[in-house]
Amino acid sequence: MNSQKVEIEALQILDKFEDLPELTPSADWDQSLMRRIVQSKQSTRSKVYFSSLSILVVLVILFNAGFVMKTVINSDNPTASHTEEYQILSKELFINPIPNN
Amino acid sequence: MLEDSILIQKLKTGNLSAFNELVGLYRNRVINTCYKFLLDRQEAEDISQEVFIEVYQSIKYFRGDSKLSTWILRIAVSKSLDEIKKRKRKKRVSSAFKKVHLEDLANWLAGGTTPEKLLSGKEDMKEIIKAMDTLPDNQRIAFTLSKVEGYTNTEIAEIMKTTIIAVESLIYRAKKELIRKLEDILKNV
């Protein structure tokens, strides 16, 4: 293709773009927009619901953890020794705590 | 017809009839703006709806620093550019123009243009898209908006937050660059 022909063709393509006809929205454009608006409202509502629920769950977990920590720290009972623990367990399981040799 | 300030106040309260009035006022302009950027009817309709959804959701944050129309058209430009970026990422440019829409087929069945002709028309658009994709965003915006009916350079300058002289220069440089790119593309065909 010679350069003059190329230049003319390039200008023609550009003219085609410039002369694109005005677009008129399709018949169901308005209805479709309204449907999407309603959907977006619902999704916003459910997002708010789920984020509030997540915050609530986190708060409950933190409250429980704090409660457990507080109980552990303020506990007056000394930790039972392993021997005592074994004895309690053996009693509960009805077994002999001292191995038979 | 409601004044902008009254319309904005009503929109901020979630008034649907005010929203319908706003859609009626700007629908054609928004769709055609998106269409000139995307050059695809279905995408233009879809993105223009997204523009109005964004307007509906964000009107409460609109402070009135610019005109309502400028704000809406800025959203339209930004959504269209986002879509182009998504399209580039998905490398859908080539396949996007192979589609023949139902409306085009109906037109053909009614004795209008054949699908082949429609496709060849879109092939030309493919060349311009290729050339457009090489332009910097500001040149692309200025040039494209200048080709949408109803935009003045003053309005384009407001949308782009720049001066009229800058807009004129951007349009001039974009056109020059587009011709050069189109020539390159045609030489390689």
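How many residues does the contact take from chain A and from chain B? The contact, meaning heavy atoms within 4.5 Å, takes 28 residues from chain A and 37 residues from chain B. The structure is a predicted model, in which local features need pLDDT of at least 70 and side-chain atom pairs count only at pLDDT 80 or more, while totals for chains, interfaces and linings use all residues. Residues are numbered from 1 along each chain as its sequence is written, chains are lettered from A and ligands numbered from 1 in the order in which they are written, and side-chain values use heavy atoms, with hydrogens and water left out.

The area buried between chain A and chain B comes to about 3300 Å², with carbon and sulfur atoms giving 67% of that area. Buried area here is the accessible area (1.4 Å probe) that two parts lose on being put together, summed over both. On the chain A side, F17(A), L23(A) and W29(A) lose the most area to chain B, together 24% of what that side buries.

Charged pairs come next. A salt bridge is a side-chain nitrogen of Lys or Arg within 4 Å of a carboxyl oxygen of Asp or Glu. Over all chains, the whole structure holds 16 salt bridges, and five are found across the interface of chain A and chain B. R36(A) meets E50(B) in a salt bridge at 3.6 Å, N to O. Another salt bridge joins K175(B) and E18(A) at 3.9 Å, N to O. This pair runs between chains, from helix α10 (residues 164-187) of chain B to helix α1 of chain A; helices are DSSP runs (H or I, at least four residues) numbered from the N terminus.

Away from these pairs, a nonpolar surface patch of about 690 Å² is made by Y49(A), F50(A), L53(A), L56(A), V57(A), V60(A) and I61(A). Patch residues have over 30% relative accessible area and no salt bridge, with nonpolar side chains joined within 5 Å; accessible areas come from the Shrake-Rupley method with a 1.4 Å probe. Y49(A) lies in helix α2 (residues 29-74) of chain A.

Technical notes:
Patches are made of residues with over 30% relative accessible area and no salt bridge: like charges are joined within 9 Å, nonpolar side chains (Val, Leu, Ile, Met, Phe, Trp, Tyr) within 5 Å. Helices (H or I, at least four residues) and strands (E, at least two) are DSSP runs, numbered from the N terminus.
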